[in-house]
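Please read the following report alongside the sequence and the coordinates. It begins with the nonpolar core and then turns to the parts around it.

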Amino acid sequence: MAIPAGPWLEYEGGTLARQQVGLWRDGLRRLRRNRLALAAVVYLGLLACVCVVSLFWTPYNPNLVGACPTYALPGTPGHPLGCDDLGRDLISRLMVGSQVSLAVGLITAAIVVVLGVSVGLLIGYVRGVVDAAFALVINVFYGVPPLMIAIVLYVLLGPGLINIIIAIAASSWMDMARLVRGQTMSIREREFIEAARAGGARTGKILFGHIFPNALGPIIVQTTYVVPAAILTSAFFSFLGFGVPAPQADWGGMASEGFSPLLAGFDPYILLWPAIALSVTLLAFNFFGDGLRDAFDPRQRR
Amino acid sequence: MVDNTAPANPAGDEPSVAAAPAEDRPLLQVENVVKHFPIKRGIFFKRQIGSVQAVEGVSLEVRRGETLGLVGETGCGKSTLARCITRLHPLTSGRVIFDGVDISRLSARQLRTHRRRMQMIFQDPFGSLNPRRRVGSIIGDPLAIHGVADGGERKRQVQELMEVVGLNPEHYNRFPSEFSGGQRQRIGVARALALRPSLIVCDEPVSALDVSVQAQIINLLEDLQGEFNLTYVFIAHDLAVVEHVSDRVAVMYLGKIVEMGETAELFGSPRHPYTAALLSASMVADPEKARSSHRVVLYGDVPSPINPPSGCRFHTRCPKAQPICSVEEPPLRVQAGDAVGHVTACHFPVAPGEQLVGTPPAISAAATAFAAASPDIGEEGRA
């Protein structure tokens, strides 16, 4: 049967598909529509500015004992948030404390992404024995509580930021690995992967050039959940005393310092400020994460 | 080209293959290719509990410059065979000899040099293009991987290819989602062409497309065949398309080739009952003709490739089946009165002009009972 051809068939020049759906442009467009996420972005931007400023300037030296009267209440001239039991300026300490929180959150997230994505891509693509072996490793890691790792590292290496980061990363990379593994297993069956193999692409190229970009949405979303979880866990460690060494201000440690004055009935604000900062930051990250999930993860798109 | 054979045939177990003059030699020889997909249970201690026998001993040859059509129902192993030919699947056994080189046992590294000359066009124009890559890199990737061209030269070559397949070269930086189905398939064609292959395996390249766009892509493929001296293995389930494009046609049923021959001859006088049924099921545009044409209705369903029927695999549905069919497997051979290239695997081939009667298979009591229990089955038939 001859199939007729002719100029009347050439209607195909126009673009029938919806306009460009590049990951970033599309995601940002959706994010902009989400007011809560937008507010979260604004807050996090401010927090980042405060963090950077505090590296160079704070109203007072945050570790200077006796900078102001002990237990000065909020509103004391020159000390808007008041002072703690050692007479240290609380707003200065709160500013500096953001450094620890953001550092822990972001560095942990970076480690989790690198480790989780690499492992997930590998076991999702290779499957078989490697997959089964890593499933075992992952389950073992799930069984180890982060606090235990933190305590062991504290005992072995002494207090330090690195220990906290290692402890948290070691207990949160598995979710990322599992997520990426699942994504990889589904993406590797798609035809464009076969097309890439037919074109002679090597495994590395397929993993990072073809599978990874297609799994990027869920990875970004998962990352935004790792950050607040890491911040909360690190604050918790500091509260328990396994955190950063003493004079360094961080929100968990400040909350801990404010705990006994609160019980003694002196000054609830010492505990209140870091608690508020922590809560608002966690909320902001979570709203931001939700916004990103709506923007990037098509399966959960409303 | 003969030099290529030396490193890839270290055992020298088939000197006759390499010795044939390059021009007369078939471009592609498929010998007894078997592909089983194991069905496994367990995680650490996997045991095989069965296998899907997707391709079961297929042999065929494709000559330079011709188009071999491969037809059969969904699930008969056409696409698996295509992926075995291009070594996207490892073979269970058998050999694939491409231009004198046995590529069925080559390592990934050795294979890469041969992949350049053997490309594939995929069925799904949406699934076969990475949605996160721009057209320029989709088409240009093979050039980069094989170190053919870099930078500005690569861009120039890609845009040239885009022009050849009828795309606007200015759309170099667009994403696949910005194109229609037909345009996407053109991108797939350009990608397959990029390395100037000799053989292109087209795995149902038009079945996902609109009928009018199908014609464009088929015409494009035909034009390119002349222009670039291409050889096609063309897989389809649309018989009209296959008849239009193919020089020769092979009909597959449940992992085996049941009939193979020149297109006109096979379509004119099919010898295998399955081919006859398949052809009678194809649409005829002329209603007068359609009313007068005889329709062979097959009963039952395609049996499971996990546990295929004994003997001739078609015997459970064949209107001509005799007891021997379930016992002895008929070889693929030239039947009396046929041309040399026309082979049929059947004990009781259809005589020219014979009308097959669409009755339930003679020897399958179960199938008879099944058909009796549900009289409407087979009305629509399958093609």
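## The nonpolar core

The largest nonpolar core holds 163 residues, and B:A190, B:V233, B:F234 and B:V251 have the most contacts inside it. Helix α9 (residues 203-240) of chain A gives the most to this core, namely 14 residues. Domain 1 (2-246) and domain 2 (272-373) of chain B both give residues to the core, so it lies between them. A nonpolar core here is a set of buried Ala, Val, Leu, Ile, Met, Phe, Trp, Tyr and Cys residues joined through C-beta atoms within 7 Å. A residue is buried if 20 or more other C-beta atoms lie within 10 Å of its own, exposed if 12 or fewer, and partly exposed in between, with C-beta atoms placed from the backbone.

Leaving aside residues up to four places away in sequence, B:V233 touches B:V62, B:L68, B:L70, B:A82, B:I85, B:V201 and B:C202. Two residues are in contact if their C-beta atoms, placed from the backbone, lie within 7 Å.

## Basis of the model

This is a predicted model, in which local features need pLDDT of at least 70 and side-chain atom pairs count only at pLDDT 80 or more, while totals for chains, interfaces and linings use all residues. Residues are numbered from 1 along each chain as its sequence is written, and chains are lettered from A and ligands numbered from 1 in the order in which they are written.

## Chain A

Chain A has 11 helices and zero strands. Helices (H or I, at least four residues) and strands (E, at least two) are DSSP runs, numbered from the N terminus. Buried residues make up 42% of the 302 residues in chain A. Of the contacts in chain A with a separation of 6 or more, 67% are between residues 24 or more positions apart.

The radius of gyration of chain A is 25 Å, whereas a compact globule of 302 residues would have one near 19 Å. That radius is taken over C-alpha atoms, and the globule rule is 2.2 Å times the number of residues to the power 0.38. The C-alpha trace of chain A spans about 95 × 45 × 30 Å along its principal axes.

## The sheet in chain B

Four strands of chain B form an open antiparallel sheet in the order β2-β1-β4-β5. Strands β2 (47-62) and β5 (101-102) of chain B stand at the edges, each with a single partner strand, so one side of each has no neighbour in the sheet. Two strands pair if DSSP finds at least two bridges between them. Strand β4 (residues 93-98) of chain B is joined to β5(B) by two bridges, and the two run antiparallel. B:F98 stands opposite B:V101 in β5(B).

Helix α3 (residues 78-85) of chain B lies across β1 (28-41), β2 and β4 of chain B, at about 115 degrees to β1(B). Axes are lines fitted to C-alpha atoms, for helices over the stretch in contact, and angles run from 0 to 180 degrees between N-to-C directions.

Chain B is assigned domain 1 (2-246) and domain 2 (272-373), with bounds from an automatic or database domain assignment. Eight residues of domain 1 of chain B are in contact with seven residues of domain 2 of chain B. On the side of domain 1 of chain B that touches domain 2 of chain B, the largest share, four residues, comes from β2(B).

Seven of the nine residues of α11(B) are buried, so this helix is largely enclosed by the rest of the structure. The buried residues of α11(B) pack against α9, β9 (248-253), β10 (256-262) and α10 (263-268) of chain B. B:S280 lies in helix α11 (residues 273-281) of chain B and is buried, with 20 other C-beta atoms within 10 Å. B:S280 and B:R295 are 15 residues apart in sequence and 5.1 Å apart in space, C-alpha to C-alpha.
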